[in-house]
Structure formats: structure tokens, C-alpha cells
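Dear colleague,

I am handing over the structure below, and after it you will find an account of what was found. Please read the account with the structure open beside you.

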Amino acid sequence: MSPISPDDLHRIFKNLDKNNKGLVSTQELHHLLEKIGIHTTLEELENFVGRTSLDYIDFLFFYDAMVKARMQEQEADDVHSSHDHHDNDLFKAFKVFDLNGDGYISCEELQSVLSRLGLWDKRSGQDCKDMIRVYDENSDGVLDFHEFKNMMSVPPTSDHSET
Ligand SMILES: [Ca+2]
Ligand SMILES: [Ca+2]
């Protein structure tokens with residue numbers, strides 16, 4: 001699979017979004033994944049996404065997650081060459097979370113983006129402040145890019161494996 005640039009991603013999204021509603025369906029996404037060599041079943045994809053259509057932010061986030069999963073697979077033989085690209089993708093994800101663009105992810109931003117993506121598990125009684133605190137190295141209550149990077153690359157110690 002060849003890396004896809006942000007511009008490509010936007011174009012791909014536009015292409016997929018045939019009726020211009022700002023949403024793509026998992027079916028369309030599935031088709032795209034097949035094309036770029038990621039083979040999965042539609043069912044798996046829907047489970048992964050947790051819904052039947054994605055808006056652009058969902059799409060970016062999904063792509064980022066997908067790339068990360070692929071990178072982990074490749075890491076054994078490809079650690080160095082993938083590094084810059086990985087950082088790039090992470091920065092994109094960071095921008096998604098940093099809603100007001102001040103360069104920091106606040107507790108509210110983290111929670112609102114995760115909720116939006118369906119990744120916020122209310123039942124677990126999670127507190128965004130706790131989540132941030134784990135990675136907040138300088139204890140200013142918000143995550144900068146460096147801290148965010150740690151959050152994305154180091155799995156939380158609490159068991160959060162998917163069921
Ligand atoms: Ca912010
Ligand atoms: Ca901080």
C-alpha cells in the first residue's frame with residue numbers, strides 16, 4: 001500500500017461522497033480499502049467504525065487508525081522509514097482533536113471528539129481529566145503534540161482490549 005497524502009484523502013473523500021452530503025457509507029469505504037489493498041469484510045468494517053456512514057473527520061480518524069494498524073504490522077521490518085510519515089499522520093489526528101486550534105488538547109476537546117467518534121465509553125465512568133493526567137508530562141492539564149504522541153503510541157495500562 002502506498003502512503004496517501006492529506007490532499008489525496010480529501011479528494012478521495014469527495015469522490016466517495018457522490019451525493020455531496022458530507023458522508024460516505026461503509027460500503028463505499030470498503031470499496032476504497034479493497035482498492036488500496038486492505039482486505040476486510042464489510043461486516044468487520046462496520047463493527048470497527050460502529051456506524052454505517054462517516055463524515056470527513058470520522059474518515060480521517062478512521063484512516064489514521066487504519067494506517068496505524070498497518071504500521072504496527074510493518075514495524076518489524078520498516079521502523080525507520082515509516083517514522084516521519086507516522087508523525088505526520090499523528091499531527092493530523094492532533095488537529096482533529098484540537099478543536100479550537102490553540103495547539104493543545106483540553107479535557108473538553110478530548111471528550112467531545114471521542115464521543116463524536118463513538119469512542120467514548122460512558123459506562124466505564126471515564127473522566128477525560130484522568131485520561132489527560134496519564135500523559136500530561138508537564139501537568140498543565142492539557143495535551144501538547146508531544147504528549148498526544150505518547151498517548152497515541154503507548155497503549156494505556158488499563159485493560160481496554162476490544163471485545
Ligand atoms: Ca485546543
Ligand atoms: Ca501538558
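A residue is called buried here if its relative accessible area is under 20%, exposed if that area is over 50%, and partly exposed in between, using a 1.4 Å probe and protein chains only. By that rule, 35% of the 163 residues of the protein count as buried.

Before the details, some conventions. This is a predicted model, in which local features need pLDDT of at least 70 and side-chain atom pairs count only at pLDDT 80 or more, while totals for chains, interfaces and linings use all residues. Residues are numbered from 1 along each chain as its sequence is written, chains are lettered from A and ligands numbered from 1 in the order in which they are written, and side-chain values use heavy atoms, with hydrogens and water left out.

**Overall build**

Helices (H or I, at least four residues) and strands (E, at least two) are taken as DSSP runs, numbered from the N terminus. The protein has eight helices and two strands, and from the N terminus on these elements follow the order α-β-α-α-β-α-α-α-α-α. With a contact defined as heavy atoms within 4.5 Å, 51% of the contacts between residues at least 6 apart in sequence join residues at least 24 apart.

A nonpolar core is a set of buried Ala, Val, Leu, Ile, Met, Phe, Trp, Tyr and Cys residues joined through side-chain atoms within 4.5 Å. The largest such core has 38 residues, and those with the most contacts inside it are L29, F59, F62, F97, I105, L110 and F148. Two or more residues of this core come from each of α1, α2 (26-35), α3 (42-49), α4 (56-78), α5, α6 (107-116), α7 and α8, and the largest share, eight residues, is given by α4. In soluble globular proteins, nonpolar side chains tend to be buried together.

Donors are N, O and S atoms within 2.8 Å of the metal (3.2 Å for Na, K and Ca), and since water is not among the atoms, sites may look incomplete.

The calcium ion (ligand 2) is coordinated at 2.3 to 2.6 Å by D136 (OD), N138 (OD1), D140 (OD), V142 (O), E147 (OE) and E147 (OE), with the donor residues spaced D-x1-N-x1-D-x1-V-x4-E. Here V142 and E147 are both buried.

What arrangement do the six donor atoms around the calcium ion (ligand 2) have? Four donors count as tetrahedral if all angles lie between 85 and 135 degrees; four count as square planar and six as octahedral if opposite donors are over 155 degrees apart and all others between 65 and 115; anything else is irregular. The six donor atoms around ligand 2 subtend angles of 52 to 156 degrees, so their arrangement is irregular.

**The loop between α7 and α8**

S139 lies in the loop between α7 (128-135) and α8 (145-153), and its phi is near 55 degrees, a positive value in a residue other than glycine. S139 is exposed, at 62% relative accessibility. E137 has its place in this loop too and is exposed at 53%; leaving aside residues up to four places away in sequence, E137 touches H146, E147 and N150.

**Salt bridges**

A salt bridge is a side-chain nitrogen of Lys or Arg within 4 Å of a carboxyl oxygen of Asp or Glu, and the structure holds six of them. One of them joins R11 and D8 (2.9 Å, N to O), which both lie in helix α1 (residues 6-16), three residues apart, about one turn of the helix. Another joins D87 and K149, with the closest N and O atoms 3.3 Å apart; this pair links distant parts of the chain, with D87 in helix α5 (residues 83-97) and K149 in helix α8, 62 residues apart. D58 and R51 also form a salt bridge, at 3.3 Å, in which D58 is buried at 7% relative accessibility and R51 is partly exposed at 28%.

With kind regards
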